[in-house]
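Here's a walk through some rings, charges, holes and strands. Have the viewer open and follow along.

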Amino acid sequence: MIGLRNGDDQPIAISELNDRKTSPMLPNHNTGNDLERVSLKRSMIAIVVAIHLAIVLIGALAAQPSSLLEQALANKFLGYFQILDLGQGYRFYAPSPAPTAIVTAKLKIRDDDGRIHYKTVRIPDRNTGPRLRLQRQLALANSLWTEYERELTAPGGDHSSHILAKSYARHLGNGVAGCESVELFVHRHPDPSALENALRHGSKLTLKELDTERFSTPIESLGVFPCD
Amino acid sequence: MRLIFQQAARYPGEFVAQQWSDWRSFITTPVDGTMLGPVRLTLGLLATWNWLVMGLDFSDWFGPFGWLPKAEAIALRRATIPWGWSLWDIVPQSVVAPVYGLGLIVILTWTVGFCCRWSGVITWLLIYSTMRRLPMMLFGFDSILSTFVLYLALTGTGGESLSIDRWLASRNGFKPIQNKFLRSTVAIRLIQIHLCVIYGAAGLSKLRGEPWWSGTASFFLVANSEFRGVSILETLGNHRMITALFTHIPLWTEILYPVLIWPKLWRPLIMILTVGLHLAIGLTLGLWEFGFAMIAANLVFIDGEWLKAVLHSK
């Protein structure tokens, strides 16, 4: 720690009074003002930490489902959560492990002879490595699914923004010669109800079987977007 | 009778005074900060790895025709996270690559523990800004990394051990008898309590789900072939008792963590179960980065003084 012996970083200031009394390397010559200052500083730190952690707890409790009280409290600290990236619900795999979103993009391409053909891109691409890249692709697909679901259930039925869908389509079509449009599809896998059924009937499943359509939710089109 | 009323009347005041005194002492009585060094080193390595992996698809993430170009990212943020901000907003497209390169140098600087006070703050700024620039690529690992780096950055800690700062300080004659500083203590307490919130929320929220009660949740997890981890599907599918065990142990570890991590007798057991939980998630679901970040944060529950005594006793 460079500068440890300077200013407020001196062990004597950091370790505070307890260290002054116990550490043989430090002289013990506190004044009344020192004592008051250090005591006040410690109290202030304890208060700030208590408030911060209480806000973190409020954020964790306010994730859905939550009470009106929890939501109202969390709304007061929305700025704090967003500025520092706090306020997560930490509800991993709850209430039950959710299926994964899979995006399929169908690129409509017109070649030099004017013939139309299609190219399909799957997100995530299972052959992607290293693993963190695959996780990023899973997140990409999940974000698009979340946008789709949010817009589907939005009050007033505003399905028009599609910021992510339009942006993904433009990205996928970019640099593909002759690309006219990109149609995006989304489905989720494995379908929990199909899995439950299989479990109930004592089926012995393999990953290959799980990859079949039986274990997927219906494929839904998010729309056709121009390649511009 | 009057005595009972007197005692009852005094109780709220005594309760508050005692709680305040205990809390103040818990937060500010210096404890050994040695373990913050390994925490910084691990989080730094993960941040570096994350940065490098992002670089493999640099134009997909940061390019003008990337998954989410800057203008769209800003529009999306304004609509969903109005208080959010990102330093990438003010970086012109022409210098995004050099800034990315400088970012890598800063993150590496923090990882090796050089100028931790400043490099930690800039590392967090980079992590946060990138999260807000690319909100569609985030998963649990990002918020965990951001949170724990934030605590080290805010308190200016992480250089207590395994760092160049420490090495330079000792070369200049700084040899503290104890590695106890107020800011290290605050960092440790923040991480410890935040971990309790994370595990507590994760555990309690699972209690709403039928598969966690019926013991089938672990099967649901490994049946997700997209994660491409080591497949134990057939094993779990054929052995319902093992499936139930693999469901109940993580669930109860998470629920009990906020309580049992504090008594010293229970702490080793809870830590072993927690590390096992993250390694199992890494192995089967491939979430290694998330697991290592959580394991790194859990190191703050190891008493640095005890560890040094054990290491020096050899």
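## Charges over rings

Take Lys106(A) to start: its charged end sits over the ring of Tyr118(A), 4.8 Å from the ring centre. Chain B has a case too, with the charged end of Lys206(B) over the ring of Trp212(B), 5.3 Å from the centre. To count, NZ of Lys or CZ of Arg has to be within 6 Å of the ring centre and within 35 degrees of the ring normal.

A word on the ground rules. This is a predicted model, where local features need pLDDT of at least 70 and side-chain atom pairs count only at pLDDT 80 or more, while totals for chains, interfaces and linings use all residues; side-chain values use heavy atoms, with hydrogens and water left out. Residues are numbered from 1 along each chain as its sequence is written, and chains are lettered from A and ligands numbered from 1 in the order in which they are written.

## Ring pairs

Over all chains, a search of the whole structure turns up 21 aromatic pairs. In one of them, Tyr168(A) and Trp67(B) have ring centres 5.2 Å apart and planes at 75°, so they meet edge-to-face. (Rings of Phe, Tyr and Trp, the latter by its six-membered ring, pair if their centres lie within 6.5 Å; planes under 30 degrees apart are stacked, over 60 edge-to-face, and the rest tilted.) This pair crosses between chains: Tyr168(A) is in helix H7 (residues 163-173) of chain A, and Trp67(B) is in the loop between helix H3 (58-62) and helix H4 (70-80) of chain B. Helices (H or I, at least four residues) and strands (E, at least two) are DSSP runs, numbered from the N terminus. Tyr168(A) is buried at 1% relative accessible area, and Trp67(B) also counts as buried, at 10%. The cut-offs are under 20% for buried, over 50% for exposed and partly exposed in between (1.4 Å probe, protein chains only).

Trp288(B) and Phe292(B) are stacked, 5.7 Å centre to centre with 25° between the planes. Both lie in helix H15 (residues 288-298) of chain B, four residues apart, or about one turn of the helix. Each is partly exposed: Trp288(B) has a relative accessible area of 28%, and Phe292(B) has 38%. Elsewhere, ring pairs link Trp23(B), Phe26(B), Tyr199(B), Tyr257(B), Trp262(B) and Phe301(B) into a cluster.

## Cavities

How many cavities of 30 Å³ or more does the structure hold? There are three. A cavity here is a set of points, on a 1 Å grid over the protein atoms alone, where a 1.4 Å probe fits but cannot get out; lining residues have an atom within 4 Å of a point. Grid points are joined across faces, edges and corners, and the volume is the space filled by probe spheres set on the points.

The largest is about 70 Å³, and its lining includes Arg136(A), Trp51(B) and Asp142(B). Helix H2 (36-56), helix H6 (116-133) and helix H7 (140-155) of chain B each give two or more residues, with H2(B) giving the most, four. The second largest cavity, about 50 Å³, is lined by Phe62(B), Lys70(B), Trp88(B), Val91(B), Gln93(B), Val96(B) and Arg133(B).

## A hairpin in chain A

Strand E1 (residues 100-110) and strand E2 (residues 116-123) of chain A run antiparallel, joined by eight bridges; strands pair if DSSP finds at least two bridges between them. Ala105(A) stands opposite Val121(A) in E2(A). The two strands form a hairpin with five residues between them, and Gly114(A) in the turn has a positive phi of about 85°.

Notes:
On a 1 Å grid over the protein atoms alone, a cavity is a set of points where a 1.4 Å probe fits but cannot get out, and a pocket is an open set with protein on both sides within 12 Å along at least five of seven lines; lining residues have an atom within 4 Å of a point.
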